Amino acid sequence: MKDSRQPTRRAAPADGSPAPGHVHLIGAGPGDPDLLTLRALRLIQSADVVVHDRLVADEILACIPARTRRVAVGKAAGFHPVPQERINEILVELGRAGLTVARLKGGDPTIFGRGGEEFAALTAAGIPCDYTPGITAAQGAAAVLRLPLTHRRWSTGLRYVTGHRARGAPLDLDWASLADPRTTLAVYMGAANMAEIATRLIAHGMPADLPVLAVSQASTPRERHLRGDLGSIAGMVRDNPMPAPMLFLIGHVAALAEDADPPVSVPAPAELRVPHG
Ligand code: SAH
């Protein structure tokens with residue numbers, strides 16, 4: 001079986017340029033470094049360069065060795081975001097230079113966040129690349145709030161839904177199919193459009209009193225949340241703004257949420273001994 005931690009090095013091209021490196025598209029999880037996978041941590045600690053976006057929490061960035069080059073490509077207050085096409089180019093350039101690149105993305109690299117576009121650009125350029133899964137924000141939020149995302153009695157499925165469309169395009173979701181109170185909806189990137197999302201779901205038959213949680217910065221020490229229902233949540237978030245990133249969990253399981261105990265004391269990442277081999 002191929003070991004994804006041992007990327008195959010390609011032969012150097014005949015024109016004398018270096019053999020391509022390898023780009024790992026890595027899920028950094030929702031924020032808590034304890035929620036990194038061992039593979040993610042190893043790759044972060046052994047990469048020549050780490051490319052990260054704004055969703056990667058400071059606690060995770062603290063795991064990058066001081067000697068490792070960092071490239072920040074994400075949007076942050078006061079900075080212009082690097083356009084996706086340019087991010088793709090940066091990854092290709094670093095790969096062409098023969099470097100091992102840890103491309104850190106918040107949550108899981110295959111769930112929103114445009115990981116597929118980066119993968120396609122790298123593959124088209126002949127740069128070896130792969131995915132390392134991460135814990136997606138909905139799972140991080142569920143753990144913090146101690147609720148199951150599915151439940152034998154209350155929820156037979158889970159859908160990851162975007163609440164945002166590219167460049168101001170209308171939110172043309174399949175409302176009729178989403179309006180199933182027995183499927184939990186995890187709405188990502190929905191903060192700006194929650195009023196419309198709730199109104200449409202109710203118009204398509206979802207009960208206005210269906211429980212909803214809005215969770216901000218899940219799994220970090222800055223986590224905050226609001227409990228409401230479909231009819232009330234948009235107004236609650238408007239009146240009590242919470243910082244990004246924020247997601248919504250819609251469905252009966254949201255009623256099972258419990259406020260967490262004080263966080264369990266765990267060793268700081270630097271003290272973790274990660275087994276190798
Ligand atoms: N790949 C990421 C999602 C990227 S889209 C993942 O798997 O989690 C960005 C959206 O993810 C944000 O708008 C927000 O809805 C959600 N998100 C990411 N991290 C979060 C966190 N720690 N708490 C709450 N929502 C989060």
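Author: The largest cavity is lined by Val161, Leu173, Trp175, Leu178, Leu185, Val187, Ile197 and Leu201. Here a cavity is a set of points, on a 1 Å grid over the protein atoms alone, where a 1.4 Å probe fits but cannot get out, and lining residues have an atom within 4 Å of a point. This is a predicted model, in which local features need pLDDT of at least 70 and side-chain atom pairs count only at pLDDT 80 or more, while totals for chains, interfaces and linings use all residues. Residues are numbered from 1 along each chain as its sequence is written, and side-chain values use heavy atoms, with hydrogens and water left out.

The volume of the largest cavity is about 30 Å³, where volume is the space filled by probe spheres set on the grid points, joined across faces, edges and corners. The count is one cavity of 30 Å³ or more. At least two lining residues come from each of helix 6 (175-178), strand 7 (183-188) and helix 7 (194-203); helices (H or I, at least four residues) and strands (E, at least two) are DSSP runs, numbered from the N terminus. The lining has eight nonpolar residues, no polar and no charged ones. Nonpolar means Ala, Val, Leu, Ile, Met, Phe, Trp, Tyr, Cys and Pro; charged means Asp, Glu, Lys and Arg; the others, Gly among them, are polar.

Now the ligand. It is surrounded by 17 residues, with Asp108, Ile111, Thr136, Ala218 and Met246 the closest; a residue counts if one of its heavy atoms lies within 4 Å. By class, this shell has twelve nonpolar, four polar and one charged residues. Domain 1 (22-132) and domain 2 (137-272) each give the shell at least three residues, with bounds from an automatic or database domain assignment.

A backbone N or O atom of Met246 is 2.7 Å from an oxygen atom of the ligand. For Ala137, a polar backbone atom lies 2.9 Å from a ligand oxygen atom. A nitrogen atom of the ligand is 2.9 Å from a backbone N or O atom of Pro30. Of the 540 Å² of accessible area that the ligand has on its own, the protein covers 93%, by the Shrake-Rupley method with a 1.4 Å probe.

Terms used
1 Å grid on protein atoms, 1.4 Å probe; cavity = no way out; pocket = protein on both sides within 12 Å on 5 of 7 lines; lining within 4 Å. Polar contact = N/O pair within 3.5 Å; in protein donor to acceptor, adjacent residues only side chain to side chain.
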